[in-house]
Amino acid sequence: MGLCAIALAVSASAVAADKTIRFGTDATYAPFESTSPSGEIVGFDIDLAKAMCEKMQAKCTFQNQGWDGIIPALRAKKFDVISSSMSITPEREKAVLFTQKIWSTPNMFVAKKGATYQSTAEGLKGLDLGVQQGTIQDKYATKYFKDTNIKRYKTLEDAYNDLTTGRVNVVFADGGVTTEFVNSPGGKDFQLVGDPIPSSADPEIFGKGTGFAVRKNDTELRDALNKAFDEIRKDGTYQKIADKYFKYDIYGG
C-alpha cells in the first residue's frame, strides 16, 4: 500500500471514530425504549443501536421525541435515525428509508384479570378500546373495529393509566410491550385477552416487521446500519441482548 493509500485509510478510520450518529426515540415504550429513573434512555432498541454503533466505530446519542412528530423531526435533521419500534409499512416507506427488519412481534390486547373479551369485531363491540394514536394498532382498530369506542392517547402510558382507572376496558398494543406491562408490578391486576393479531392479518397496516429509519437520501447510513446489524446477528450479540429482555424469539415474531 502506498503512502497516499495509507493516509486515506488512516483518515477514513479517524472520521469513523469521530462520527456521531444521533438517534431519536419515543421513550415511552418499554421494554423497547423508555426512560430510567436517572433520566437515561434505555431499552432493547437502544442496546441494539449501541451495539451497531460499536460495529460502525461510531459514537451514538439518544434523544426523546414524541411519536406524532418523530418522522417530521427526522426529516428536519433533529437526529439521524429513528430507533423507536417503528413498523415497516408501505405508508411509512414513502416518507423514510428503513433498514432491514430488526424485530417482529404480534399485536395483543390487555384487560383486567377475569375479563373474557375476544379480539374480534364482535368481541369488542361496544367496549372502550385504548390505543396510542398514530400507531399501527390505531390504524387496525379504526379499520376493523367499527362498533368499538376507540380512545386515542398521546402515549401508551396514558392508555395504561386509563385502563387502571377503568376509563377503558382494553388496551391494544405491540405484543412485546403488552407482555412487559402484565409482567410488571403495575400490571399485576391485568392479563392478555383474546388471540394475538399477527402481522399477516393485514400486511398493508402491520408491515413486515420493525426497523430503524433514516432520511430517504441517507442510503449510505442505511447500508452501514444493515451491515452492522448483520454482524451483531452473526456474532451472537443480538441474541445476548434479546435474552436480556425476552423469553421468546423476538426476531421471528
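Colleague: What should I know about the model and its numbering before we start?

Modeller: This is a predicted model, in which local features need pLDDT of at least 70, side-chain atom pairs count only at pLDDT 80 or more, and totals for chains, interfaces and linings use all residues. Side-chain values use heavy atoms, with hydrogens and water left out, and residues are numbered along each chain as its sequence is written, from 1.

Colleague: Are α2 and α10 roughly parallel or roughly antiparallel?

Modeller: Helices (H or I, at least four residues) and strands (E, at least two) are DSSP runs, numbered from the N terminus. Axes are lines fitted to C-alpha atoms, for helices over the stretch in contact, and angles run from 0 to 180 degrees between N-to-C directions. The axes of α2 (residues 44–55) and α10 (residues 237–245) come within 10 Å and cross at roughly 160°. Angles under 35 degrees count as roughly parallel, over 145 as roughly antiparallel, 65 to 115 as roughly perpendicular and the rest as oblique, so α2 to α10 is roughly antiparallel.

Colleague: Which residues of α10 does α2 meet, and how many of the residues in this contact are charged?

Modeller: Contact means heavy atoms within 4.5 Å. From α2, Phe44, Asp47, Leu48 and Ala51 meet Thr237, Tyr238, Ile241, Ala242, Lys244 and Tyr245 of α10. Ala, Val, Leu, Ile, Met, Phe, Trp, Tyr, Cys and Pro count as nonpolar, Asp, Glu, Lys and Arg as charged, and the others, Gly among them, as polar. By these classes the contact of α2 with α10 has 7 nonpolar and 1 polar residues, and the number of charged ones is 2.

Colleague: Is Gln239 buried or partly exposed, and what does its side chain contact?

Modeller: Gln239 is in helix α10. Buried means under 20% relative accessible area, exposed over 50%, and partly exposed in between (1.4 Å probe, protein chains only); Gln239, at 42%, is therefore partly exposed. A polar contact is a pair of N or O atoms within 3.5 Å; within protein, one must be able to donate a hydrogen and the other to accept it, and residues adjacent in sequence count only if both atoms are side-chain atoms. At 2.8 Å, the side chain of Gln239 makes such a contact with the side chain of Asp243.

Colleague: Why is α7 described as largely enclosed by the rest of the structure, and which elements do its buried residues pack against?

Modeller: Helix α7 (residues 175–182) has 8 residues and 7 of them are buried, so it is largely enclosed. Those buried residues are Gly175, Gly176, Val177, Thr178, Thr179, Phe181 and Val182. They pack against β7 (107–112), α6 (156–165), β10 (170–174) and β11 (190–197).

Colleague: Which residue reaches the backbone nitrogen of Gly176 at the start of α7?

Modeller: The group that reaches this nitrogen is a side-chain oxygen, and it comes to within 2.8 Å. The oxygen belongs to Asp174.

Colleague: What is the relation of α6 to α7, and how many nonpolar residues are in their contact?

Modeller: The two axes come within 13 Å and cross at roughly 45°, and therefore α6 and α7 are oblique to each other. In the contact, Leu156, Tyr160 and Leu163 of α6 meet Val177, Thr178 and Phe181 of α7. The contact of α6 with α7 has no charged residues and 1 polar, and its nonpolar residues number 5.

Colleague: Where is Val131 found, and what is its relative accessible area?

Modeller: Val131 is in strand β8 (residues 128–132). Leaving aside neighbours within four places in sequence, Val131 is in contact with Gln137, Asp138, Ile150, Lys151, Arg152, Tyr153 and Phe172. Val131 is buried, and its relative accessible area is 0%.

Colleague: What is the phi of Ser85, and where is Ser85 found?

Modeller: Most residues other than glycine have a negative phi. Ser85 has a positive phi, near 55°. Ser85 is buried, at 10% relative accessibility, and is found in strand β5 (residues 81–87).

Colleague: Which residues does the cis peptide bond with omega of about 10° join?

Modeller: Most peptide bonds are trans. The cis bond joins Ala30 and Pro31.
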